[in-house]
Amino acid sequence: MNPIRLTGRAAISLTRMTGRVAIFAARGLARVGQHPSELVRQIMQIGWLSLPVVGLTALFTGAALALQIHSGGERFQAGDVVPAIVAIGMARELGPVLGGLMVAARVASAIAAELGTMRVTEQIDALVTLSTDPVGWLVSPRLWAAILCLPLLVGVGDIIGIMGGWLIGVNALGFNSAIYLANSWAYLEGWDVVSGLLKGAAFGLIVALSGCWFGMTASGGASGVGRATTNAVVAASVGILAANFALTGLFF
Amino acid sequence: MLAVRGLSKAFGQKQVLDSVDLDLAEGESLVVIGGSGTGKSVLLRCILGLEVPDAGEILWRGRPLAQHRADFMDDFGMLFQNAALFDSLPVWRNVAFRLLRHMPKARARAIAIEKLARVGLGPEVADLYPAELSGGMRKRAGLARAIAADPRVIFFDEPTTGLDPIRAAAINALIRSIVDETGATAITITHDMSSVRAIADRVALLDRGRLRWQGPVSEIDRAGDDYLRDFIAGRARPMARVPAS
Ligand SMILES: Nc1ncnc2c1ncn2[C@@H]1O[C@H](COP(=O)(O)OP(=O)(O)OP(=O)(O)O)[C@@H](O)[C@H]1O
Ligand SMILES: [Mg+2]
């Protein structure tokens, strides 16, 4: 087959796929509030239970960042920029991206495995026969829970990350505790934090959407569910990094 | 009341249903029999719109079912072949799933426990999760879910497979009594001839995608069809049979 035709075919199928996923997402987002109790359950699953993972990730990232910036900064006698750069770096970039990636690993996989299993064991068909719309019952609460929770997780991660930097700064790098904290806030602007939280909301949508899409379209028994789970995590992770680049370009 | 017209469905090269016509009167109990893998479950899935047919039409009360599927589903119950219980919910919430949307929890639970009792499951099962049940218990819990809201139309996909003969007889009697008492319309798929005799008003034999024979249950023993006779008697036939022309 000639290469032009192959390229065309790939482009068409990519466009078609994008359209399908977009319609799926729009349907999921539109059916908001049909099942409040499910939304609460998903907020617990996606938000609350992700706190330890996101918190630990942020703690170690903030601490490592402080060490790196200190040793890098020393090269041009600017070791004392540590608090400001840790705060800005966590809020604008590392908090949302690493938090999003950790949630992608934890949540996109769980959603895809759960919904995929429900698909291949006919539980989703059973929902239909019980007059319950699977998108409203399963997809919508997960999308909204992730969109609402990720900014909160990112916010908590920012604070813990800055604390991680502070711990290292005070205990290993010889900073004065009060001065470190004062310098953390001094150079941090509101938009640094808000842009990071907005990124978090976008990443939440990407994570839950990947999990729901690959779960709902799973087929072929246990191996199909395994494939769906892998695809969901890969798509969510790549999606987060790509969206991060696009949003950073847009915001700054 | 429910009519299937020229229903065809293929998966890839495999023609599973080939222009099936079927009529079901209100309050009638139809039993569909046929060899394993002949498309009985696919037939039910196509009627429900869970599978998109390649051709044909489903009519309900004279109108295409696709146009008022939500109304149909509101008064419908289905037992899936593998029960398809929601494994994130305890048994009673499975059974009460439909009820919980328009009645208080305590009442829905009471009805669920009563329905579980009708299929021979005690109240101690109510708070277990589906993964903690045996295959036959899961089947019966699925049956309780199907009948929980007293639907007008019920599909049972192999209600007695995996049950001991005594339980199976009780389930057959239960299905028959539901049809008699509530006037529900039912389609039951089964391989079990004692179920056929207990449940059916009318019997349809599906073979290689076509309805090979259908008639009142009283006539199955007098039918001339050799495949049906072998089916009833449980006689072995050569496995590889030429496709129907
Ligand atoms: N999703 C699917 N994809 C491909 N083929 C399918 C699919 N579902 C069913 N089939 C095929 O359709 C045929 C009929 O399947 P069906 O489940 O209706 O059989 P059945 O009559 O219910 O059998 P049994 O009595 O064993 O349950 C089978 O040959 C099966 O291979
Ligand atoms: Mg079947």
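This is a predicted model: local features need pLDDT of at least 70, side-chain atom pairs count only at pLDDT 80 or more; totals for chains, interfaces and linings use all residues.
1. Extent of the interface. Contact between the two chains involves 18 residues of chain B and 15 residues of chain A. The size of an interface is often given as the accessible area lost when the parts come together. Here the buried area is about 1500 Å², with carbon and sulfur atoms giving 58% of that.

2. Polar and charged links. Nine residue pairs, both members at pLDDT 80 or more, are in polar contact between chain B and chain A. The rule also finds two salt bridges across this interface. One of them joins D125(A) to R45(B), where the closest N and O atoms lie 2.9 Å apart.

3. The chain B side. At least two residues each come from α1 (40-48), α2 (69-74) and β6 (76-79) of chain B on the side that touches chain A. Sorted by class, that side of chain B has ten nonpolar, six charged and two polar residues.

4. A helix crossing in chain A. Two packed helices are described by the angle between their axes and the distance between the axes. Within chain A, the axes of α1 (residues 3-30) and α6 (residues 134-171) come within 8 Å and cross at roughly 85 degrees. Angles of 65 to 115 degrees count as roughly perpendicular, so α1(A) and α6(A) are roughly perpendicular to each other.

5. Residues at the crossing. From α1(A), the contact uses F24(A), A25(A), R27(A), G28(A) and L29(A). The α6(A) side supplies V135(A), V139(A), S140(A), L143(A), W144(A) and I147(A). By class, this contact has eight nonpolar residues, two polar and one charged.

Terms used
Residues are numbered from 1 along each chain as its sequence is written. Chains are lettered from A and ligands numbered from 1 in the order in which they are written. Side-chain values use heavy atoms; hydrogens and water are left out. Contact means heavy atoms within 4.5 Å. Buried area is the accessible area (1.4 Å probe) that two parts lose on being put together, summed over both. A salt bridge is a side-chain nitrogen of Lys or Arg within 4 Å of a carboxyl oxygen of Asp or Glu. A polar contact is a pair of N or O atoms within 3.5 Å; within protein, one must be able to donate a hydrogen and the other to accept it, and residues adjacent in sequence count only if both atoms are side-chain atoms. Helices (H or I, at least four residues) and strands (E, at least two) are DSSP runs, numbered from the N terminus. Ala, Val, Leu, Ile, Met, Phe, Trp, Tyr, Cys and Pro count as nonpolar, Asp, Glu, Lys and Arg as charged, and the others, Gly among them, as polar. Axes are lines fitted to C-alpha atoms, for helices over the stretch in contact, and angles run from 0 to 180 degrees between N-to-C directions. Angles under 35 degrees count as roughly parallel, over 145 as roughly antiparallel, 65 to 115 as roughly perpendicular and the rest as oblique.
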